[in-house]
Amino acid sequence: MNYNNYTIVITGLGGQGLIKLLQILGDSLVRKGYKVMTSEKHGLSQRGGMVTCFLRFGDMIAAPIPIIGSAEMIITTEKSCILNVLQYANPNKSTKFIITEYKKAILDSKYPSDKDISDILKNYSNHLYFLSSENFPKNQKTTNLFVLGYILKFLPIEKNDIELILKDYFSGEFQAINQEALINGIKYQR
Amino acid sequence: MEYVDLIRSRASEEHFLLGNLAIVRGALESGIDVYTYYPGTPSSEVGEAFTKLYREVGMRWVENSINEKVAVEVAGAAYARGAKVMVGMKNAGLNVAADPLFALATTRPKNENSACVILVADDPQQYSSAIEMDSRYYLKLFKIPALEPSNPQECLEYTKYAFEISRKLKIPVMLRLVTMVSHARSNVKFGDLMHSEIKDDFDLSPEVNVASRLYFLNLKEEQIYTRMNQALNLSENSPLNKIMSENSLNEYGLGIIASGVSFSYVLEALEHLQIKAPILKLGFIHPLPERKIAEFIKSFKNVFVVEENDAYLETQILAIAQKNELQTKIYGKDPFSYSRENSLLSFVGELNPTKIAQALEKITDLPNKIIANQIKDDKYNTVKRKPVLCPGCPYGVIGYALRESLKKLSAKKPENVYFYQDIGCYTLLSFPPYSFANVKYCMGSSIALAQGVAHTDDSLNIAIIGDGTFFHSGIPALLNGVYNKAPILILILDNGWIGMTGQQPHPGSDTKYYKEGRYKNKIDLEKFLEGTGAKLNIIKRQDHNTKNYPKRLKDLIYEKSLNVLENGELHVILIEDECIQKFNENNILKIRYVDEKLCTNCGICYDQFSCSALYEQDNKACINRNECLGCGICEDLCPNNAILRGEENEL
């Protein structure tokens, strides 16, 4: 795998810890010697609104926003949110989609069915990875670390790299809970 | 990275850092003495970091000022006295600060250490702003130098340059940012910290510090023809204005001029299209280096000017080309035409690499490679979520009570009701299901807007304003309304904090609950309002267990609305209920759940009262246990007592 120009799009809802995920992953890559750039787009909501983040790493990276059609990986921590960022998927269908099955009702609008979502996603990618909600941590605020654990196998960082810096981001019992979520994510198999 | 690492990290260490925090480090490496600010996304983190650090690092003063105008005045005088100062604000804040800035820009302190940096963060695409504005045109009005970094590393370096230029020339220097630089994170290499160099003796000579007819025109003359002339020389020779990939010529005779984050987008777009082109990167954006630009343009048949929002660079570059009799074709926004068709890049919205690549395809007549990657199926690609308040937000129940009270009122008095909104979380009440907004401008405007209609119509006019915004700029409008006997109803939504930008304190915040509070006085908002002579009612939620709060609130709003219509006087209702995010820091609340046996699915909780933790599932109300923060309003509202207290929330 070539890590000169690797782009991850992360989407979900405010309050799901996406920024923390971005910070921890970015920090661990910087410590591995990579050039990293991240950015965030929020709506007006404080909590519960849609957030889109970009994490890009490698020597060729210049901008905090990628060009459309150029993402290596798209992650969503709320199922339907992924439908808003499909323009970043590579037209050759090589982009990995990591889809957590968590769903939050959409006010005044029908939630798209599982089949509809799968059908659309198949048009964009041959690499769909669904993370089923039964396996999510009980404390949903650690879903971000669970997802991070799961995607490690695709990235040039190890469990140790993350564990080393967890103490900088969480203290006391939260560190242990998040560490557990990370390990469960690493172990997760469909 | 913790804030404290900004002062404990050594030179040449590399950290993964937010653009805003790189600015803090850059200022600390410049020996900053004073930072004043008003929080505003995307600039707020700078002030938060300085507030946490300044005592340990030995800076003279840091304050979260009441508004941007005051922030500029406090820092401006410290600059006159010989301090190195920085003032921080968001785009709209610059409008508030503009009045004193005109004078400040012209004054010329005599103290060697004096330096002044004005940090302004623009927000293209208005992710968190009421307006989209390009602060760069202020540079022409103020006549001050400006630098624009394109990434977090440059945030650190350019902050140091800005202090250096200001100290040398004795003129304020603007550091201009946009959201994608302020909120970008990247590798940042640190330099050495510098200790403050402020002197105990200083010179406050009136002839260089007093804006008045006695001195101003002389100072202005000197500002333009001496200091700005020196700034131009710096700009012409600055390494911040440099030609990148000078030898990578292309078959289109094309060169590119860009600045700030747009420069990084250009690199991505060129890489994607596999085109090479020399780029003149402008980091010193005012005054522009005329000679350097003319020299660059001269060597190309076509030059593409890439910038976000206004055509600030392009209009000047067109003039430079004309003055130097250059035949080069300049591509960009064609700013004099006001024509969408002629604009390769729009004046409106955020720029990105995709838009630039599409423009480059047009200029070079390349096949449309980018378009081909677009959406194939748009059936569900617009799963849009409406902006929502936090679960448990005190403003949710206010929205509910306001709507219920007006329903009751319309039965008795059929007059029209209009709402005037302000800037804060309660702006979200502008959206469905509440839609409480008819006119809204800027910070502090709601109270005066209500007066404008009330004086010319018999309707009921309701201004909605938060406590932070009221302190910022709502006070003069209230006094204006009381003085002019404006028949309006003002709802002051006092949640205790500047909620929307991250619960920063304001003068009315409880000093017990923020670290810096021990050095502050709390302004008593109740007494202040009494002192204005306005008719005043105060309603408190008190604690999060009080029953009947929604009903008490509804009855009060109904009664006072009726009073305004009947006696034509100005009424203020002060509603005190703390921001749930802050309340949760100091209180343990029990999350609620629905007893399905008792729930009749009447919809009052999830439909009429709109809390994002509540929804309908299988013909029952349902509470998302991961989102409920335990405010308990739904329990009060449920007519069937079907909402019960569960476990304590885990934060």
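**Entry 1. Helix H16 of chain B**

I started with the buried residues of H16(B), which pack against E15, E16, E17, helix H17 (467-483) and E18 of chain B. I note here that the model is a predicted one. I then asked which residues of H16(B) are the buried ones. They are B:Ser446, B:Ile447, B:Ala448, B:Leu449, B:Ala450, B:Gln451 and B:Ala454. That is seven of the nine residues of H16(B), and I logged the helix as mostly covered. H16(B) spans residues 446-454 and lies across E15, E16, E17 and strand E18 (489-494) of chain B. Its direction is at about 175° to E17(B).

**Entry 2. The sheet under that helix**

Next I looked up the strand order. The sheet is open, has six strands, and reads E16-E15-E17-E18-E20-E19 in chain B, with parallel pairing. Which strands are at the edges? I found strand E16 (439-440) and strand E19 (535-540) of chain B there, each pairing on one side only.

I checked one pairing in detail. Strand E15 (residues 417-421) and strand E17 (residues 460-466) of chain B run parallel and are joined by four bridges. B:Phe419 has B:Ile462 as its bridge partner in E17(B).

I also looked at helix H18 (residues 525-532) of chain B, which lies across E18, E19 and strand E20 (571-576) of chain B. H18(B) runs at about 175° to E20(B).

**Entry 3. Strand E5 of chain B**

I went on to strand E5 (residues 115-122) of chain B. Eight of its eight residues are buried, so the strand is largely enclosed by the rest of the structure. In general, side chains of a regular strand alternate between the two faces of the sheet.

For a partner, I found strand E4 (residues 84-90) of chain B, which pairs with E5(B) in the parallel sense over seven bridges. B:Met89 is the residue opposite B:Val120 in E5(B).

I picked B:Phe304, which is in strand E13 (residues 302-306) of chain B. Is B:Phe304 buried or exposed? I count it as buried, because 26 other C-beta atoms lie within 10 Å and the cut-off for buried is 20 or more. Leaving aside neighbours within four places in sequence, I found B:Phe304 in contact with B:Leu254, B:Ile256, B:Tyr331, B:Gly332 and B:Ile363. I also took the C-alpha to C-alpha distance from B:Phe304 to B:Leu344, 40 residues away in sequence, and got 9.4 Å.

Not counting residues up to four places away in sequence, B:Cys605 touches B:Leu614, B:Ala621, B:Cys634, B:Leu637, B:Cys638 and B:Ile643. I also took the separation of B:Cys605 from B:Asp33, which is 572 residues away along the chain. Their C-alpha atoms are 52 Å apart.

**Entry 4. Where chain A touches chain B**

I turned to the interface. There, 43 residues of chain A are in contact with 42 residues of chain B. On the chain A side, helix H1 (18-31), strand E2 (36-42) and helix H2 (114-124) are the elements that give two or more residues. Which element gives the most? E2(A) does, with seven residues. I sorted the chain A side by type and recorded 21 nonpolar, 16 polar and six charged residues.

A:Thr38 is opposite B:Arg185 in E8(B).

**Entry 5. Helices H1 and H4 of chain A**

Last, I looked at how H1(A) meets helix H4 (residues 159-169) of chain A. Their axes come within 10 Å and cross at roughly 125°, which means that H1(A) is oblique to H4(A). The crossing is right-handed. H1(A) brings A:Lys20, A:Gln23, A:Ile24, A:Asp27, A:Ser28 and A:Arg31 to the contact, and H4(A) brings A:Asp161, A:Ile162, A:Ile165 and A:Tyr169. By type, the residues of this contact are four nonpolar, two polar and four charged.

Methods: Residues are numbered from 1 along each chain as its sequence is written. Chains are lettered from A and ligands numbered from 1 in the order in which they are written. This is a predicted model: local features need pLDDT of at least 70, side-chain atom pairs count only at pLDDT 80 or more; totals for chains, interfaces and linings use all residues. Two residues are in contact if their C-beta atoms, placed from the backbone, lie within 7 Å. Ala, Val, Leu, Ile, Met, Phe, Trp, Tyr, Cys and Pro count as nonpolar, Asp, Glu, Lys and Arg as charged, and the others, Gly among them, as polar. Two strands pair if DSSP finds at least two bridges between them. Axes are lines fitted to C-alpha atoms, for helices over the stretch in contact, and angles run from 0 to 180 degrees between N-to-C directions. Angles under 35 degrees count as roughly parallel, over 145 as roughly antiparallel, 65 to 115 as roughly perpendicular and the rest as oblique. A crossing is left-handed if the near helix is turned anticlockwise from the far one by less than a right angle, and right-handed if clockwise. A residue is buried if 20 or more other C-beta atoms lie within 10 Å of its own, exposed if 12 or fewer, and partly exposed in between; C-beta atoms are placed from the backbone.
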